[in-house]
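Reader: I have a structure to go through before I set anything up. Can you walk me through it?
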Amino acid sequence: MKKLVIAGFFVPALVFAVGVAFAEVDYGDGSSIGGDKEAPSAPTDLKATAVSTSRIDLSWNASTDNVKVAGYKIYVNGEFSTGTSATSFSHTGLTPGMEYSYTVSAIDSYNNESARSTSVSATTHKEETNIQPSPPPPPPPPPPSSTEDIEKPTTPSNLKATAVSASRIDLSWSASTDNIEVVGYKIYINGVLFTGTNSTSFSHTGLKPSTKYTYAVSAVDKSGNESSKSGALSTTTSDEVSTQPSPPPPTTVEDTEPPTPPDDVKGAAISGSEVALAWQPSTDNVGVVEYTLYRGGVKIAVVKDTTFRDKELSPGTTYNYGIVAHDAAGNFSRFSRLISVTTKSEETDVFIKGVVRFPDGAAVSDAFVGAWTTDGKNIHTKTDIGGTFSLKVLKNTKWSVRAGKIVEDIGYESNNLTFDIGVASMEGVEIYLQKSERELPPQKAIEVQVSEIAHVELTDGAAVKVPENAPAPAEAVSTTDILTLDVKPTVDVPVTDKERVVGSAYEVEVKTQSGSRVRSFSKDIEITLPFSDEDLDRLKVSAGELRPAYYDEEAGEWVEIKDYSLDRRNKRVVAKIKHLTRFALIAAADITPPAAPTTMTAVRGVGGIQLSWVNPTTDFRHAKVYRSTELGKLGAVVFHEVFSASVTDTTALSNVAYYYIVRSVDPAGNESPNTDQVIIAGSGEPILAGSFTRSLKIGMSGADVKLLQQVLNKNGVLIAVSGLGSPGSETSFFGPLTHAAVIKFQEKYASEVLTPWGLTGGTGYVGSTTRAKLEALK
C-alpha cells in the first residue's frame with residue numbers, strides 16, 4: 001500500500017495569472033498522480049546578432065510542451081548563465097571583439113528540461129564602425145557654488161590628425177592642465193560628440209575612403225568642468241586601401257561607459273548639526289573610483305567610501321542630498337535618488353534617554369539608573385513600567401551610566417557605559433543587565449521592643465545592631481513601641497568620579513508600628529560591612545584602602561564614616577554612626593573607561609556577517625558588540641563577552657542594512673566609548689546559513705532541505721523558474737521538483753559526485769559526495 005504524502009501546491013507563473021493552482025500527490029517513491037515526466041521540445045532557429053562592442057541579441061522560436069512551457073535557460077560558452085520567460089534576450093556588458101557561443105533549452109512547470117538548441121556564435125564589434133554620435137553623456141553636475149571647483153581645464157593644444165589608411169585616422173594632442181586634475185578628453189567628429197578617452201591619442205577606424213573628417217578635442221576635470229574645444233582640424237582618408245598593413249591601433253580600449261548611479265541611499269540625523277549618509281556601491285565596467293556628494297544642488301564632498309557624515313549644519317533644518325559616482329576615465333553616473341534629512345531641533349536641555357533590559361531583552365521596570373562625570377557631577381533615576389529612563393545631563397560633557405535591579409534576591413547589573421554628549425540628546429540607548437558575579441543575601445527584617453537590642457545579620461556577614469532605647473528624643477518614640485529593623489541588599493548604588501562601591505550596598509531602615517521612619521539615634525548604631533578577596537581583586541584595591549560610607553542624597557555623594565575598625569581576618573569592616581540610610585564599603589577604584597577598539601570591518605560571508613576589529617593592548621577584558629537597524633543608534637547587544645577580535649553574526653538577515661558598534665570592557669566593568677559605527681548594507685544575495693549533516697531524499701523536510709534548494713538555485717540548477725521552489729521562494733519540503741534538480745546537479749558534477757561510486761546517471765539521493773559538493777558551493 002502506497003502512503004499518500006501531499007507534496008504541496010506548485011503555482012506556475014502562467015497559471016497563477018488566472019488564479020488556478022495545481023496540487024501534486026507524491027507517493028514518496030518518485031511516482032505521482034498528475035506528475036509530468038515529458039520534457040518540452042528544443043528551441044529552434046536560434047539567432048545571435050552582435051549589436052555593439054558590448055551587446056549581443058538572441059532570439060529563437062518557442063518550444064512546445066504537453067502541458068505548458070514555463071521558460072528558457074540560456075547557456076553561454078557551455079555554462080548556464082540565466083533564465084527568461086521570453087523568446088528573446090539581450091546579453092550585455094560584453095568584451096569588444098570577443099566571440100560568444102550560445103545554446104538555449106526550454107523548461108516546463110515540472111522542471112523537465114528540453115535538449116539544448118543548436119549552438120550559434122557571434123562576435124562583438126571591435127570598435128564602432130560609423131561616426132554616428134554615441135548616446136549622450138550623463139548630465140553635468142549641478143550648478144557650482146562658491147565653495148566648489150569651477151575652474152575649467154586648459155584647452156588641448158597641438159591637435160594632429162594623420163590619415164593612416166583609407167579607413168583609419170590617428171589623432172594626438174598635448175595634455176591639458178587643471179587646478180585639480182584632468183581625468184579625460186572628449187572627441188568631437190564633424191561637430192558631434194563621438195567618444196571619450198583618458199589618453200592623449202585616439203585611432204578613428206572603420207572610415208570611408210576619400211572622405212573628409214573634422215575633429216576637435218576638449219578636456220574634462222574631476223569636477224566635470226569641460227574646457228573649450230581645440231581648433232577644428234580636418235583630414236581626408238586615402239582614396240584606396242593600401243596593400244601595406246596599417247600600423248596597429250592603440251591596444252587600450254577606450255572607456256566610455258558610465259557607472260551605475262549609487263543605490264539605496266539612506267540618511268539619518270545624528271544631532272542638530274550632523275547628518276549621516278550611507279549607500280550601496282555603484283558598479284562599472286572598469287571600476288568606480290569615488291563619489292561626489294551634493295547638498296541642495298551644491299557639491300560638498302568627494303569620497304571614496306560609501307558613507308559620509310555632513311557636519312556643521314543648522315538645527316531643525318531639512319537638507320536634500322544626491323550622489324554621483326565616477327570612474328577613472330571621467331565618466332559620471334546619473335544622480336542617485338534624492339533624499340531629504342531633517343536635523344534634530346536645538347534643545348535647551350539635553351538628555352540621555354533609553355531603556356533597561358534583562359539579558360533576554362525584556363524591559364526592566366523600577367531599575368536604578370545612575371550617571372556621573374569625571375568632574376564630580378552625579379545624577380540617578382528609576383525606569384518606568386516600560387523600562388524607559390531619562391537623565392537630564394549637561395551639554396558637551398562625557399557621562400558614564402550604569403543600571404541595576406534586584407529580582408528575587410538575584411542582583412542584575414550593567415557595565416559602566418560612557419557617552420560623549422554634545423549639544424543634542426543621546427536617545428535610543430539600550431542598557432543590558434547581567435546577573436551579578438556576587439551572590440546577594442536575602443533581605444531580612446525583625447521586630448523588637450524599643451527597650452530591647454535589635455540585631456540583624458544576613459547570610460553574607462552583613463549586620464546591623466541597634467542598642468536598646470536608641471532612638472533620639474526628637475523621634476518621640478516610647479519605650480513600649482515596637483520597632484521593625486529591615487536590612488536590604490541593593491544594587492541602587494550611585495557611582496561618582498571619586499569612589500566605587502566594593503562588594504554590596506545595604507539599605508537600612510527602622511520604622512515604628514505606625515510606619516514612621518526613625519532616622520536619628522542618641523546611641524551609636526553598629527554597621528558590619530563584609531568584603532571578599534574576589535571583590536578586592538576585581539577592583540584592584542587592598543583591604544587597607546577600604547572605607548565605610550553612607551550616601552548623602554542631597555549632596556549626591558558618598559560620605560566617609562570616620563569611626564570604624566578593619567577586621568582583616570574575618571574580612572569585614574565595623575562602623576559606628578547615629579543615623580541610618582544606605583551603606584557600603586568604598587574605595588578609589590577604577591572608573592576610567594578603556595580605549596575603544598579600532599579598525600572595525602564588517603563583511604557579508606557564508607553563514608552571516610563577519611565582524612573583526614583590533615582590541616586595545618591594555619586595560620582590556622573583553623569586547624561587547626551592539627547592533628542596530630537605525631543609523632546613529634547604539635542598538636541591542638548581540639555579543640556580550642567576546643574575548644577574541646572577531647565574531648560572525650549568524651542572526652543577520654539578507655536585504656537588511658545593519659549598523660554595528662564594538663566597545664571594550666575593562667576588568668572593572670567600564671565600557672569604552674563607541675567605535676565609529678560600521679555600516680553594512682543589505683545584499684540581494686541570501687546568506688546561506690546552515691550545513692548538510694544528514695543524507696536527504698524525496699519526502700523529507702527541514703531547514704537543510706531549504707538550504708539544498710537555495711544552493712541548487714544559486715548554481716543554476718533551478719528547482720522551478722517561478723513560484724514555490726524558485727529563487728527566493730525555496731521551501732523546506734523535498735518533493736519531485738527538488739528530486740529532479742538534484743539529478744541534474746549530480747550529472748553536472750558527475751566526476752566528483754557519481755564517478756567515485758561507479759554511477760553514470762544521477763539518482764536524486766543526496767549522499768556523502770553530493771553533500772560535500774553542495775557544501776563547497778554554498
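Reader: Where is pLDDT below 50?
Author: Residues 1-34 are one such stretch, with pLDDT below 50 and 61 contacts in the model beyond near neighbours in sequence. Over residues 683-687 the pLDDT also stays under 50, and the model has 13 contacts for them beyond four places in sequence.

Reader: What should I do with those contacts?
Author: Where pLDDT is low, the predicted coordinates should not be read in detail.

Reader: Fine. How many helices and strands are there?
Author: The protein has six helices and 51 strands. Of its 778 residues, 45% count as buried.

Reader: And how many of the contacts join residues at least 24 apart?
Author: Taking contacts between residues at least 6 apart in sequence, 65% join residues at least 24 apart.

Reader: How many bridges between β6 and β7?
Author: Five bridges, with β6 covering residues 69-76 and the pairing antiparallel. Tyrosine 75 has phenylalanine 80 in β7 as its bridge partner.

Reader: Which other open sheet has four strands?
Author: There is one in the order β21-β20-β23-β24, and its pairing is antiparallel. Here β21 (298-303) and β24 (339-342) are the edge strands, each pairing on one side only. The twist in this sheet averages 30° from one strand to the next.

Reader: What joins β20 to β23?
Author: Seven bridges link β20 (residues 288-295) to β23 (residues 318-327), and the two strands run antiparallel. Across that pairing, tyrosine 291 stands opposite alanine 325 in β23.

Reader: What does β12 pair with?
Author: Strand β12 (residues 168-174) pairs with β11 (residues 157-163) over five bridges in the antiparallel sense. A hairpin through four residues joins β11 to β12, and lysine 160 stands opposite serine 172 in β12. Strand β12 also pairs with β15 (residues 201-205), again antiparallel and over five bridges. In that pairing arginine 168 stands opposite threonine 205 in β15.

Reader: Is β50 buried or exposed?
Author: Strand β50 (residues 658-665) is mostly covered, with eight of its eight residues buried. Tyr658, Tyr660, Val662 and Ser664 point one way, Tyr659, Ile661, Arg663 and Val665 point the other way, and all are buried.

Reader: What is its pairing with β47?
Author: Strand β47 (residues 622-628) pairs with β50 over seven bridges in the antiparallel sense. Arginine 627 stands opposite tyrosine 660 in β50.

Reader: Now a helix. Which residues of α6 are buried?
Author: In α6 (residues 768-777) they are Thr770, Arg771, Lys773, Leu774 and Leu777. They span an arc of only 165° around the axis, which puts them on the same side of α6.

Reader: What covers them?
Author: The cover includes α3 (703-714), α4 (736-748) and α5 (750-753).

Reader: Switching to single residues. Where is serine 52?
Author: Serine 52 is in the loop between β4 (44-50) and β5 (55-61).

Reader: Buried or exposed, and why?
Author: Serine 52 counts as buried because its relative accessibility is 18%, and the cut-off for buried is under 20%.

Reader: What does it touch?
Author: Leaving out residues up to four places away in sequence, serine 52 touches Thr124 and His125. A polar atom of the serine 52 side chain also lies 3.3 Å from the backbone nitrogen of arginine 55.

Reader: And serine 390?
Author: Serine 390 lies in strand β28 (residues 388-393). At 37% relative accessibility, serine 390 counts as partly exposed.

Reader: Which residues does serine 390 touch?
Author: Not counting residues up to four places away in sequence, serine 390 touches Phe351, Ile352, Lys353 and Thr381. The C-alpha atoms of serine 390 and valine 369 are separated by 9.1 Å, with the two residues 21 apart along the chain.

Conventions:
Residues numbered from 1 in each chain as written. Predicted model: local features only at pLDDT ≥ 70, side-chain atom pairs only at ≥ 80, totals over all residues. Heavy atoms only, no water. Pairing = 2+ DSSP bridges. Axes fitted to C-alpha atoms, helices over the stretch in contact; angles between N-to-C directions. Buried < 20%, exposed > 50% of the residue type's maximum accessible area, 1.4 Å probe, protein only. Polar contact = N/O pair within 3.5 Å; in protein donor to acceptor, adjacent residues only side chain to side chain. Contact = heavy atoms within 4.5 Å. Arc of directions from axis to C-beta. pLDDT = per-residue confidence, 0-100.
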